[in-house]
Structures are given as C-alpha cells and as structure tokens.
Amino acid sequence: MSNRNELVTVVNNMGLSNKELKKSIVNIKVAELTGKQSAWVIAGEYDKIIKGELFEEDFESKGEFASVMGVSGGLISQYTKAVEFIRTCESDTKSMFDKDNTTVGKAYMLACLEDLQDFIGYCQSEDINIIELSDAGLKQTIKAYKNMVIVDDTEEVEDTDTEEVEDTDTEEVEDKVAYIKELLQELTSEELKEIKSFIRTLK
C-alpha cells in the first residue's frame, strides 16, 4: 500500500462522514510510510483532529478513534502536547527550539518539564547542548537533572529541620533557667549557702 490513491480508497471505504477527518487520516498514513522525517506531519494531523474535534462525528470517543488508527490514546496525547510546545516555541523569538532541530519525542519530554528555563540553565552549567542531544540522550539528561533537584530539595528540608531542633533546644534551656531562678528566689539564705557548698563538692 505505497500509493496515495490506494490509501484514499481505503480511507473512503471506512465510511467516514467528516471530510476533514478523511484528509487528515490520509496525510497520517502517507507520512507513516515516508519515515521519521514525517513525524511532525503525523503529530500535526493528530493535533488538528483532536483540537478540532474532527473525530466526534464518526467515533464515540477519542479512545475508539485511536483504536481504529492502531495507536494508543496516550500516544495521541503526546503528539498534541509536542505540537503545542513547538508552536509556543516558534512564536517566541528567544526560544532555541523549532521543528527543524527538535524531534517530536524531544518536544514532548521538554513540554513535560515543570521549569524549562531551570533545566536549560542546568544544561548550560553542565556544558550540555540540548539541540545536539538524541532523544535517549535528552531522557538521560532530564533524569540526572531531576535527581539533582530532588537532592537540593532534600538538603533544604534537612536544614530547616535542624534549625527547628536548635530553636527548640534553646527554648527548653531558657525555660529551665527561668524555672531555676524562680526556685532560688524562694530559698532562704541558709538554704542557698548549703546549695553553694554542695556545688563546690562537684567541682
């Protein structure tokens, strides 16, 4: 099935009502035969279908549509998230990412980061060129970055706990000193002399 006309025939035989959906499915199937270079075409068409709700006329749910297309609903969600990420980047003149230097997989992974700028700063400090990383390389770099963030957060918590303990210890000592002072004020001169004598024996 390497001919576009054959693909169109197959899609037409699916009995779909939405013409735009038919076009997108044909584009997806053609792109799948082309190879990795067409990954952004595939992602873009799925994004168009989902964002435009083109599947709703012919399918009861996104899951049913995904099943007919032979993919998971999760994969389609990854496609749409990657497209949204790269769309935002391409509208930002300061962004380093675009379709030419970023794969769909890398775009999705970057889109999932809570703080992209912090991650970029981490890579710069480690002399890592994000653009030159493969998908697998980016995955490992993100893993190392997240481990570093967890360690930093843990150290902050430990520091806070130590400060709280020190504050608590200080308060306890101050309370004891105040209590002793109150007791001393209630003692007679003779009792104070006896206590002083006892303290001298401890030295």
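Here is a short chat about a few labels used for this predicted model.

Modeller: Ground rules: numbering runs from 1 along each chain as its sequence is written, and side-chain values use heavy atoms, without hydrogens or water. As the model is predicted, local features need pLDDT of at least 70 and side-chain atom pairs pLDDT 80 or more, while totals for chains, interfaces and linings use all residues.

Colleague: Okay, why is Cys123 called buried?

Modeller: Buried means under 20% relative accessible area, exposed over 50%, and partly exposed in between (1.4 Å probe, protein chains only). Cys123 comes out at 1%, so buried it is.

Colleague: How many disulfides does a search of the whole structure find?

Modeller: It finds 0, where a disulfide is a pair of cysteine sulfur atoms within 2.5 Å.

Colleague: Why does Asn18 count as buried?

Modeller: Asn18 has 13% relative accessibility, so it is under the 20% limit. Asn18 sits in the loop between helix 1 (4-12) and helix 2 (19-34). Leaving aside neighbours within four places in sequence, Asn18 is in contact (heavy atoms within 4.5 Å) with Leu54, Glu57 and Asp58. A polar atom of the Asn18 side chain lies 3.4 Å from the backbone oxygen of Leu54.

Definitions and conventions. Helices (H or I, at least four residues) and strands (E, at least two) are DSSP runs, numbered from the N terminus. A polar contact is a pair of N or O atoms within 3.5 Å; within protein, one must be able to donate a hydrogen and the other to accept it, and residues adjacent in sequence count only if both atoms are side-chain atoms.
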